[in-house]
Amino acid sequence: ETQEVYIGFVVGMGADRLSSVAVMKANDKAVQETFDLLFRVAKPPASPVVKVSEMDGEVFLEWGSNGPAVAATETRVVQPGNYRFEGYNVYQFPSAGARLSDAVRLATYDVVNGVKVVLSEQFDLRAAAFLKVPIQFGGDNAVRRYFKFDKDYVRDINKLYNGQEYYLAVTAYSNTSLEGYLEALESSPNIITVRPKVPFGKVLTGGFGDTLKVTKTGVSDGNVIPIVLDPTAVTGDTYEVKFEVVGGLDVFRVNNKTKNRTVIANQTNQTGDEGSTIADGIMVKVFGAPNDFKEFQCVANGTGPLAQPDMGAYGFNASGFPYVRGFDRPQIANVPGGGFWGIHTGAGGIGTDFYYEMFKGRVARSTTGYGGNWPRIIPNDFEIRFTAAGGKAKMAYTSGAFVNVPFELWYIGSGTPTSTADDYRMIPWINDANANDIFDLDKVDHPISGGDNDPETDWIYFREPIDKTPGQAGYNAWVASGGADAQAGLEVLARLVLVNWNGGSVAAANWPANVNQRMPATGTVFRILTTKPNNPGVTFTYATQDKVPTTGLEVDKASAEKVGVFPNPYYASNIGEESRFDRYVTFNNLPKVAKIRIFNLAGHLVRVLDKDDNSQFTRWDLMNMRNYPVASGIYIAYVDLPDIGSTKILKFSIIQEQEILDRY
């Protein structure tokens with residue numbers, strides 16, 4: 001027989017011998033858990049793929065344009081422990097080989113999910129015990145995939161020096177809510193060395209945060225805002241944002257029209273947040289239209305159509321109705337008492353909960369559960385038409401009586417209010433507020449005070465007919481059935497009433513006895529317009545030509561005038577030097593090819609530097625051609641730039657550190 005034996009070698013180092021035993025026991029527990037999981041140890045998220053753009057006095061980092069890399073980091077759930085992506089950290093390190101504990105955290109961008117600071121058990125040497133300590137510092141401030149680095153956080157200097165090396169990293173971290181696991185895992189930092197610079201041969205015409213002009217074709221209430229993040233990456237091409245349905249999801253893509261290729265595909269984020277997708281140096285913020293109403297209009301009164309619609313809804317006590325041209329009351333006085341007719345919600349609604357009940361689903365008055373009717377409301381438009389013939393309605397929530405009403409309900413299409421080709425008549429259900437089987441007015445004052453100055457109608461519910469072909473076929477079938485429920489389709493709008501603001505008491509002598517004469521005048525039409533989401537018929541186009549960097553021979557020659565050397569003077573040391581044996585000055589703003597000849601004041605050639613690389617910097621180690629340190633003094637550099645036919649002469653000073661021998 002054979003027996004497999006696993007051996008774990010466990011150590012622990014605490015503040016003293018007793019605390020070291022506690023640490024060892026904790027390490028033993030971790031080893032045992034690893035064994036119990038069959039060595040399937042959870043891993044942190046994939047490290048972000050970071051792109052860097054170095055500019056004058058600033059460096060731009062972005063890790064949002066590589067779609068597959070973003071998906072690998074943010075969507076993978078890691079087992080065991082059910083670790084889910086939580087956020088990104090941006091760090092500056094004091095050197096390329098520094099540890100994460102030596103770095104300065106510049107920013108954290110985390111998912112908005114209620115998880116902020118993440119605590120984890122760690123051994124505290126002073127307490128000689130395991131304590132919950134913070135290991136991640138989120139703030140529910142939303143995921144962002146870019147960062148502008150423009151000051152030195154390690155040295156606490158409020159600027160960056162061109163040519164100076166800085167060390168940055170972006171990590172991703174995940175967290176778990178399960179007990180018995182390390183609460184957060186963070187990817188290893190891939191340290192990036194960056195150097196701000198004035199780009200050679202480029203004049204930037206755009207800047208970080210510039211927005212581009214957008215042209216929209218088609219009908220929607222959404223929007224697109226392209227924002228320049230990396231001015232050096234702007235292509236000068238023209239782009240378009242288009243929408244489609246893929247796998248039942250509303251998605252959009254960004255096409256480069258100039259090059260006829262898709263640069264962003266299958267995106268669902270239409271919130272316009274800072275986590276929007278980045279392509280070619282531009283973040284494309286796409287805003288979808290909210291589920292809401294755009295306007296409540298009165299488009300006709302008893303005298304006929306209005307040349308310009310009036311406000312058609314009340315806004316008592318800031319109840320949330322969208323206003324038109326700054327008015328919050330209808331402007332039509334066409335009823336006894338001199339009142340103004342307008343749309344509102346039943347029961348004298350004075351708060352946003354009534355607004356939500358009326359248009360977002362007939363549910364209990366609460367702060368949750370709204371939204372049931374939006375799929376049938378958006379993106380459609382509706383009308384209430386007061387006609388001489390009127391129509392039929394059902395007192396569905398009281399007696400069930402089949403009664404006459406002075407109005408018609410119509411679906412009028414989506415964004416086509418002047419076309420009748422897609423209109424169909426809807427079915428009215430009524431909640432008879434005073435239970436008299438008559439569609440009439442109830443005694444109400446707004447806000448509710450027990451008075452009778454703003455009477456409102458019984459509650460109206462819009463229902464779809466079974467047959468929704470244009471015209472009245474579906475409505476007529478319902479009427480022919482005597483108002484049978486089987487001929488009435490789904491509810492669309494609920495609890496709508498018409499209020500006669502400042503109309504006076506319905507019991508007053510000047511109110512007509514004829515109920516229909518108490519209603520808005522024949523010919524009055526109220527129109528309800530909803531927001532229109534982005535859809536396949538909508539395209540947003542933006543051009544980047546005026547933001548593309550300027551290049552060419554003349555620009556190259558102008559850049560050559562900015563060739564320089566730093567630090568100047570070199571005074572015993574350079575801020576970028578990491579040891580006393582690492583001494584240098586840096587020539588900057590150089591093109592790909594350059595030859596630098598360095599002379600002393602006597603005219604002797606001290607050193608020749610040949611450059612042939614894509615960096616715009618090259619260093620001189622302060623050694624002569626025989627590899628001896630040069631003396632303190634003034635030096636002349638003759639910089640030859642053969643590819644652009646330019647030269648530059650520089651004068652700079654070297655003051656060497658005094659040498660003190662420690663060995664004889």
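Me: Is Glu 62 buried or exposed?

Reply: Glu 62 is buried, with a relative accessible area of 5%. Buried means under 20% relative accessible area, exposed over 50%, and partly exposed in between, with a 1.4 Å probe and protein chains only. This is a predicted model, in which local features need pLDDT of at least 70 and side-chain atom pairs count only at pLDDT 80 or more, while totals for chains, interfaces and linings use all residues. Residues are numbered from 1 along each chain as its sequence is written, and side-chain values use heavy atoms, with hydrogens and water left out.

Me: With which side chain does Glu 62 meet in a salt bridge?

Reply: A salt bridge puts a side-chain nitrogen of Lys or Arg within 4 Å of a carboxyl oxygen of Asp or Glu. The partner of Glu 62 is Lys 51, at 3.9 Å from N to O. Glu 62 belongs to strand E2 (residues 58-62) and Lys 51 to strand E1 (residues 51-55), so the pair links distant parts of the chain, 11 residues apart. Helices (H or I, at least four residues) and strands (E, at least two) are DSSP runs, numbered from the N terminus. Lys 51, at 48% relative accessibility, is partly exposed.

Me: How many salt bridges does a search of the whole structure find?

Reply: The search finds 26. One of them joins Arg 144 to Glu 274, with the closest N and O atoms 3.8 Å apart. Arg 144 sits in the loop between strand E6 (129-137) and strand E7 (146-149), and Glu 274 in the loop between E15 and strand E16 (278-279); they are 130 residues apart. Arg 144 is partly exposed at 26% relative accessibility, and Glu 274 is partly exposed at 24%.

Me: Where do Lys 592 and Asp 612 lie?

Reply: These two side chains also meet in a salt bridge, at 2.8 Å from N to O. Lys 592 is in the loop between strand E32 (585-588) and strand E33 (593-600), and Asp 612 is in strand E34 (residues 605-612), so the bridge ties together parts 20 residues apart in sequence. Lys 592 counts as partly exposed at 42% relative accessibility, whereas Asp 612 is exposed at 54%. Salt bridges that share partners also join Glu 383, Arg 385, Asp 423 and Arg 527 into one network.

Me: Which residues touch the most other members of the largest nonpolar core?

Reply: In soluble globular proteins, nonpolar side chains tend to be buried together. A nonpolar core is a set of buried Ala, Val, Leu, Ile, Met, Phe, Trp, Tyr and Cys residues joined through side-chain atoms within 4.5 Å. The largest one has 36 residues, and Phe 382, Phe 407 and Phe 462 touch the most other members. Strand E22 (residues 402-411) gives the largest share of this core, five residues. Contact means heavy atoms within 4.5 Å. Beyond its neighbours within four places in sequence, Phe 462 has contacts that include Phe 382, Ile 384, Leu 409, Met 426 and Leu 496. A second, separate core has 24 residues, among them Ala 560, Leu 622, Leu 641 and Ile 644.

Me: Which residues does Val 23 touch, not counting residues up to four places away in sequence?

Reply: Val 23 touches Gly 12, Met 13, Gly 14, Phe 123 and Phe 130. Val 23 lies in helix H1 (residues 17-36) and counts as buried, at 9% relative accessibility.

Me: What volume does the second largest pocket have?

Reply: Its volume is about 610 Å³. The pocket is lined by 25 residues, and Val 70, Glu 74, Arg 145, Gln 267 and Gly 275 lie nearest its centre. Helix H2 (67-74) and strand E15 (261-267) each supply at least two lining residues, and E15 gives the largest share, five.

Notes
On a 1 Å grid over the protein atoms alone, a cavity is a set of points where a 1.4 Å probe fits but cannot get out, and a pocket is an open set with protein on both sides within 12 Å along at least five of seven lines; lining residues have an atom within 4 Å of a point. Grid points are joined across faces, edges and corners, and a volume is the space filled by probe spheres set on the points.
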